[in-house]
Amino acid sequence: MAKSRPHVIISAGLSLDGKIATRTGDSKLSSKKDIVRVHKLRASVDAILVGKRTMMIDDPSLTVKYTRGKNPIRIILDSKGSIKSDSKIVKTCKKIPTIIVVSEKISKKNLARLQRYNLEILKCGQNRIDLKRLLQILQMKNIKKLLVEGGGTTNWSFFKERLVDEVIVTLTPFILGGKNATSLVQGEGFAKISQACPLKLKKAYRIKNELVLHYSV
């Protein structure tokens, strides 16, 4: 049977102690060569997804640079629709297809504000975003491969719901430490190892001082 959702890839750069950002939100871990690899990966997918916190801290454009290829559809998980109007995502939504995923609890003010822009507003869930339903909708939009470049909370949501097919991480030569630094996966976490998603190492290779690990679930 064909899957009723897109193929989901979690992608991140990691410090040796499993952090994707420092306590101040600095996430510039990867080398230029690894950044080029990531952008080639972006060019190979149909859509790219991040959560609200990543938007607030990094203000990314989520486009393809440093290589040739089409920009993927940009998907932002923003339950209350609070993305800033001067963010790079909103400023460039006329040129690049953009979907803001909200819940039913979005305020009328935020909804009216977002409706002024050339982007799609997708309501999916009551008090929080329903990821399983969202992926079913994306499948119907012919999005077959989805790249998740989320923060720890977004990543945890995908793992918790068993919605991950691949994990591609780059181990970088840094130790960040700090209880407030962001881990690859945040949130409650699994109580037992037997509950965790089993991963199979498909490929591992070195980029100078970094190690790229490619797992399937």
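Let me start with a definition: two strands pair if DSSP finds at least two bridges between them. Helices here are DSSP runs of H or I with at least four residues, strands are runs of E with at least two, and both are numbered from the N terminus.

Hi everyone. What you have above is a predicted model, where local features need pLDDT of at least 70, side-chain atom pairs count only at pLDDT 80 or more, and totals for chains, interfaces and linings use all residues. Residues are numbered from 1 along each chain as its sequence is written, and side-chain values use heavy atoms, with hydrogens and water left out.

Let's begin with the strands. β3, residues 47-51, runs parallel to β4, and 5 bridges join them. Leu-49 has Ile-75 of β4 as its bridge partner. To get from β3 to β4, the chain passes through helix α2, residues 52-58, and this β-α-β crossover is right-handed. By that I mean that, with the strands pointing away from the viewer, the path from the first strand over the helix to the second runs clockwise.

On to β5, residues 98-102: this strand pairs with β4, again in the parallel sense, over 4 bridges. Here Ile-75 stands opposite Ile-99.

Now helix α1, residues 32-43. Its 12 residues should span 16 Å at 1.5 Å a residue, and the end C-alpha atoms are 17 Å apart, which agrees; the expected span is 1.5 Å times one less than the number of residues. Asp-34, Arg-37, Val-38, His-39, Leu-41 and Arg-42 are its buried residues. Among the elements covering them are β1, β3 and β10, with contact meaning heavy atoms within 4.5 Å.

Last stop, aromatics. Searching the whole structure gives 1 aromatic pair. Which way do the rings of Trp-156 and Phe-190 meet? Their centres are 4.9 Å apart and their planes at 65°, so the pair is edge-to-face. The rule covers rings of Phe, Tyr and Trp (its six-membered ring) with centres within 6.5 Å; planes under 30 degrees apart are stacked, over 60 edge-to-face, and the rest tilted. Trp-156 sits in helix α6 and Phe-190 in the loop between β9 and β10, so the pair ties together parts 34 residues apart in sequence. Trp-156 counts as buried at 9% relative accessibility, whereas Phe-190, at 32%, is partly exposed.

Thanks, everyone!

Key. Buried < 20%, exposed > 50% of the residue type's maximum accessible area, 1.4 Å probe, protein only.
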